[in-house]
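Here's a quick briefing to read with the structure open beside you. Let's start with a term that comes up throughout, then go topic by topic.

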Amino acid sequence: MIGHDSPRVSVVILNWNGVAHLPTCLDALVAQTLCEFEVVLVDNGSRDGSLELLRSDYPWVRVVALAANTGFATGNNRGFAKARGDYIVTLNNDTRVEPDWLDTLVKVADARPRAGMVASRVCSFSDPDVIDSIGMGICRDGMSRGRFRNRLWSGLAMREVEEILFPSACAALYKRAMIAETGFFDDDFFAYAEDVDLGLRGRLAGWEAVAATKAVVRHRYSQTCGSLSPFKLYLVERNHYWVGVKNLPLGTLLAVPFFTLVRYLEQARSVVASRGTGGEFLASGSRGAAIRAIGKGTIDAIAGLPRMLRKRRQIMRGRQISDSEMGRLLESYQLSFRELLDDPG
């Protein structure tokens, strides 16, 4: 039953003014074929009736109520502190999981002792044939995006278990044994790219990552901060530098400023062509604010460099793979900037 006294699995859900999403998300968890798990929901200071709904309709949910919005990273860390399972599963509140989702994730994790991370097949909420992500890819400047986004599942020939670089924390299983070595999310990130940072730390520590392609999750993309809000642009720009400083091989890291400039040129091209994120930028109505947000993200990333370099030294002391091995791994899952910025045709 949900709320088992000694659950193997803890599903951690972060909520911020998401009362409209919670019934769909939680009702799908009630319908899971695997029942011996707990749900830890961290509420980031919601003012929309979320807590009242949880108390009245979902008393089996273990609620961690915070006074203010602490972001995705710290919120999940607060949930992890209360979680009792050996498997920690992060799940966005704007999702609906299929009935066998959790059972499939756990079976794949059980069968692969060195897999510290297991991704779901994350699909569009409105059309499960459209992929949101099956694991993540990474660009040469440290930016990342879900692999196969907007591709059709019916057009892919994938095995039930596929090797990946790391999962999207939208719907991912992390083994407590890995977290004990690497730590969980970095509080400094607040939101965005914290799963990239954790995933790369896990790989550096020698853990593997796989996708359970039959563990299906429907997701409403970017429902909290908006698809291209200035705040999101600020966080993504700042955090991609921090991901690089903490985790990338030295040669790759030194090239990050150059490849960031290349990305800016590709972003300008996408705006002119009104494609992908360029089209979103033109439609946002806040172009000046967006440009200022990117600039502030860069400035704040530089201001945080001493702190990130200290973290890098700690990460590298515990690494289990060499720079060349990490470089080959990153190359295997490398995204071009066009893939990052453009929706496929």
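A residue is called buried when its relative accessible area is under 20%, exposed when it is over 50%, and partly exposed in between. Ala193, for instance, has 17% relative accessibility, so it counts as buried. Keep in mind that this is a predicted model.

**Nonpolar cores**

- In general, nonpolar side chains of soluble globular proteins tend to be buried together.
- Here the largest nonpolar core has 65 residues, and the members that touch the most others are Tyr174, Phe184, Phe185 and Leu200.
- Helix H7 (residues 230-247) gives this core its largest share, 7 residues.
- There's also a second, separate core of 37 residues, with Leu22, Ala28, Val89 and Ala109 among them.

**Aromatic rings and charges over them**

- How many aromatic pairs does the structure hold? There are 9.
- One of them joins Phe258 and Phe259 edge-to-face, at 5.0 Å centre to centre and with 75 degrees between the planes.
- Phe259 has 15% relative accessibility, so this residue counts as buried.
- Phe72, Phe80, Tyr174, Phe184 and Phe185 come together as one aromatic cluster.
- Two arginines are worth a look as well: Arg114 has its charged end over the ring of Trp207, 4.0 Å from the ring centre, and Arg220 has its charged end over the ring of Phe125, 3.6 Å from that centre.

**Helix H1**

- In helix H1 (residues 22-30), the buried residues are Leu22, Cys25, Leu26, Ala28 and Leu29.
- Looking down the axis of H1, you'd find these buried residues within an arc of 155 degrees, so they line one face of the helix.
- What covers them? The list includes strand S1 (9-15), strand S2 (37-44), helix H2 (50-57), strand S4 (87-92), strand S5 (95-97) and helix H4 (101-111).

**Strand S2 and Val42**

- Val42 is found in strand S2, and with 0% relative accessibility Val42 counts as buried.
- Leaving out neighbours within four places in sequence, Val42 is in contact with Ile13, Leu14, Asn15, Val64, Leu66, Gly75, Arg78 and Gly79.
- Val42 and Trp16 are 26 residues apart along the chain, and their C-alpha atoms are separated by 8.6 Å.

- Helix H11 (residues 287-303) has 17 residues, which at 1.5 Å a residue should span 24 Å; the end C-alpha atoms are 25 Å apart, which agrees.
- The buried residues in H11 include Ala290, Ala293, Ile294, Gly297 and Ala301.
- These cover an arc of only 100 degrees around the axis, so they sit on the same side of H11.
- Which exposed residues does the face turned away from the buried side of H11 carry? They are Ile291, Arg292, Ile299, Ile302 and Ala303.
- Tyr234 is found in helix H7, and Tyr234 is buried, with a relative accessible area of 13%.
- Not counting residues up to four places away in sequence, Tyr234 touches Ala293, Lys296, Gly297 and Asp300.
- Tyr234 and Gly295 are 61 residues apart in sequence, with 7.8 Å between their C-alpha atoms.
- Ala289 also has its place in helix H11; at 26% relative accessibility, Ala289 counts as partly exposed.
- Between the C-alpha atoms of Ala289 and Val108, 181 residues apart along the chain, the separation is 44 Å.

- Most residues other than glycine have a negative phi.
- Phe190 lies in the loop between helix H5 (176-182) and helix H6 (194-204), and Phe190 is partly exposed, with a relative accessible area of 23%.
- Ala193 lies in the loop between H5 and H6 too, and Ala193 has a positive phi near 70 degrees.
- Buried or partly exposed? At 17% relative accessibility, Ala193 counts as buried.

Methods
Residues numbered from 1 in each chain as written. Predicted model: local features only at pLDDT ≥ 70, side-chain atom pairs only at ≥ 80, totals over all residues. Heavy atoms only, no water. Core = buried A, V, L, I, M, F, W, Y, C linked by side-chain atoms within 4.5 Å. Buried < 20%, exposed > 50% of the residue type's maximum accessible area, 1.4 Å probe, protein only. Helix = DSSP H or I, 4+ residues; strand = E, 2+ residues; numbered from the N terminus. Phe/Tyr/Trp six-rings, centres within 6.5 Å; stacked < 30°, edge-to-face > 60°. Lys NZ or Arg CZ within 6 Å of the ring centre and 35° of its normal. Arc of directions from axis to C-beta. Contact = heavy atoms within 4.5 Å. Expected span 1.5 Å × (residues − 1).
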